Amino acid sequence: MRGRHGYGAGGLSLLSLARTLTKVSVKRSGVKADGRKCTLCKKCEIICPADAIRVSRIAKTWELDKRRCIGCYRCINACPVNAIGIIH
């Protein structure tokens, strides 16, 4: 028997399907910081809910753990100098 949205009782709902597709697209794309623009202010690191970004002012590095990134792109909006962008 099909559910309300055309999926069986054990199938994916539209919401869970959308979440799955979002996770897949994040793994293919992701984000990257432009080292020439980045001021190492750590706003992206602080706002990241997945704890996927590490900024080191001492080593002057910006690192993204792609395995932890959930694709919320909050880091892009938090960056005051637009140093973070989406990789396609």
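Residues are numbered from 1 along each chain as its sequence is written, and side-chain values use heavy atoms, with hydrogens and water left out. Because the model is predicted, local features need pLDDT of at least 70 and side-chain atom pairs count only at pLDDT 80 or more, while totals for chains, interfaces and linings use all residues.

The protein contains three helices and four strands, arranged along the sequence as α-β-α-β-β-α-β. Helices (H or I, at least four residues) and strands (E, at least two) are DSSP runs, numbered from the N terminus. Of the 88 residues, 25% are buried, that is, under 20% relative accessible area with a 1.4 Å probe and protein chains only. Among contacts (heavy atoms within 4.5 Å) with a separation of 6 or more, 52% join residues 24 or more positions apart.

The pLDDT, the predictor's confidence in each residue from 0 to 100, averages 78, and 67% of the residues score at least 70. Confidence is highest in helix 2, at 97, and lowest in helix 1 (residues 14–28), at a mean of 46. Residues 20–28 have pLDDT below 50, with seven contacts beyond near neighbours in sequence. Where pLDDT is low, the predicted coordinates should not be read in detail.

The largest nonpolar core has 17 residues. Such a core is a set of buried Ala, Val, Leu, Ile, Met, Phe, Trp, Tyr and Cys residues joined through side-chain atoms within 4.5 Å. Two or more residues each come from strand 1 (31–33), strand 2 (53–56), strand 3 (61–64) and helix 3 (74–78). Among the residues with the most contacts inside the core are V31, I53, W62 and L64. Beyond its neighbours within four places in sequence, L64 is in contact with V31, A52, I53 and C69.

Two cavities of 30 Å³ or more are present. A cavity is a set of points, on a 1 Å grid over the protein atoms alone, where a 1.4 Å probe fits but cannot get out; lining residues have an atom within 4 Å of a point. The largest cavity holds about 90 Å³ of space. Its lining comprises 14 residues, with C48, C69, C72, Y73 and C75 nearest the centre, and helix 2 (43–47) and helix 3 each supply at least two of the lining residues. The second largest cavity, of about 70 Å³, has a lining that includes C38, C44, W62, C79 and I84.

Methods: Buried < 20%, exposed > 50% of the residue type's maximum accessible area, 1.4 Å probe, protein only. 1 Å grid on protein atoms, 1.4 Å probe; cavity = no way out; pocket = protein on both sides within 12 Å on 5 of 7 lines; lining within 4 Å. Points joined across faces, edges and corners; volume = space filled by probe spheres on them.
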